[in-house]
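Welcome to this short tour.

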Amino acid sequence: MIKKIKYLAVSLIFSVLCTLSVWAKEDAAPRLEGLEYTSSLKLLYANQFSVDYYEGGYALVSIQDSQRFLIVPEDKEAPENLDKEIVVLHKPVCNIYLVATSAMDFFSSLDALDSIRLSGTDADGWYVEAAREAMENGSILYAGKYSAPDYEQILAENCSLAVESTMIYHNPEVKEKLEQFGIPVLVEHSSYESHPLGRTEWIKLYGVLLGKEELAEELFNVQAQKLDEVLAQENTGKTVAFFYISSNGYVNVRKSGDYVSRMIELAGGNYIFDDLGTEEENALSTVNMQMEEFYARARDADYIIYNSTIDGEISTIEELLGKSSLLKDFKAVKEGNAWCTGKNLFQETTGLGVMIEDIHTMLTSEDASLDELTYMHKLK
């Protein structure tokens with residue numbers, strides 16, 4: 001009950017802060033010569049980007065690391081004397097080279113895959129079905145991963161924008177090369193959002209980019225409503241461990257402040273590793289621990305969820321025990337409360353409200369089965 005009150009209080013504070021920020025924004029909005037500011041995009045959870053609107057259909061997208069993009073309506077021009085650091089994107093934005101895997105689901109959900117021509121992931125690497133189909137039929141082409149793009153192909157396809165993850169900062173020469181060729185680079189920061197629905201709210205940014213603001217708002221509100229419904233329920237008091245076992249025998253678990261551990265808490269559970277620090281301490285959102293330590297700390301967890309992202313989905317307890325025989329002593333295994341995520345979880349960014357709902361169902365339903373949930377299934 002205390003945890004539920006805490007999260008309801010946090011949600012209320014979030015709402016108040018958002019209202020105050022909107023008021024402050026009216027005075028703090030960037031002044032663009034030749035354009036009249038009208039309003040700013042309302043954000044409930046995201047804090048890694050903002051959008052300011054100007055008369056005539058112009059929109060200024062600002063991303064946390066000082067990236068700024070002026071979205072210019074079709075058949076209009078950017079104002080003169082625009083700050084040189086502001087990148088101009090003319091609508092319609094098309095022939096996109098999409099490298100940030102977390103963004104593909106936004107395009108798919110907005111029915112905007114036709115704006116993507118090139119991908120940094122090949123067909124086999126996509127768990128967003130529509131993206132995989134688009135690559136198989138040739139409407140989206142593979143153009144090399146983030147660190148080794150096929151520049152010749154990218155130029156031949158008249159690419160107007162590259163959407164990269166923050167991994168591009170490990171290869172800054174690639175970003176510089178693309179920009180030298182006249183291709184703007186948008187480095188998306190949805191993975192830096194601390195609140196799970198902050199990540200989902202990035203669909204609003206792509207809604208602005210693609211001229212689909214209303215649909216983006218509708219899709220986000222569906223997920224926000226699911227969260228509100230779960231938050232209205234009592235905390236279950238059940239403990240949950242989320243993990244996978246690496247090929248070298250280490251157990252990889254999420255940090256306490258990671259968005260997955262937060263989803264567990266929001267769903268009414270208690271993340272069993274509540275003292276592993278936060279993402280802010282370093283760039284990693286996970287921690288490796290020896291199996292012996294994991295055994296000692298998670299053996300009595302009420303539920304365990306195996307993360308299928310790295311080495312694939314499993315469907316049976318036998319497969320789980322194949323990772324480590326020590327797991328047979330776990331309370332969750334003995335009581336039939338061992339689960340596995342689907343590999344689509346981390347690419348379907350628009351479904352995090354559903355994932356929270358899934359975890360809540362797991363914690364509260366006596367007969368939750370494989371067919372009931374979207375992103376996870378019980379091990380047989």
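Start by selecting D52, which sits in strand β2, residues 49–54 (strands are DSSP runs of E, at least two residues; helices are runs of H or I, at least four; both are numbered from the N terminus). One thing to know as you click around: this is a predicted model, where local features need pLDDT of at least 70, side-chain atom pairs count only at pLDDT 80 or more, and totals for chains, interfaces and linings use all residues. Residues are numbered from 1 along each chain as its sequence is written, and side-chain values use heavy atoms, with hydrogens and water left out.

Is D52 buried or exposed? D52 is buried, at 0% relative accessible area (buried is under 20%, exposed over 50%, partly exposed in between, with a 1.4 Å probe and protein chains only).

Next, select helix α7 (residues 203–210) and helix α8 (residues 213–231), whose axes come within 7 Å and cross at roughly 165 degrees (axes are lines fitted to C-alpha atoms over the stretch in contact, with angles from 0 to 180 degrees between N-to-C directions). The two helices are therefore roughly antiparallel (over 145 degrees).

Finally, zoom out: the chain has 13 helices and 17 strands, and 52% of its 380 residues count as buried.

Terms used: Angles under 35 degrees count as roughly parallel, over 145 as roughly antiparallel, 65 to 115 as roughly perpendicular and the rest as oblique.
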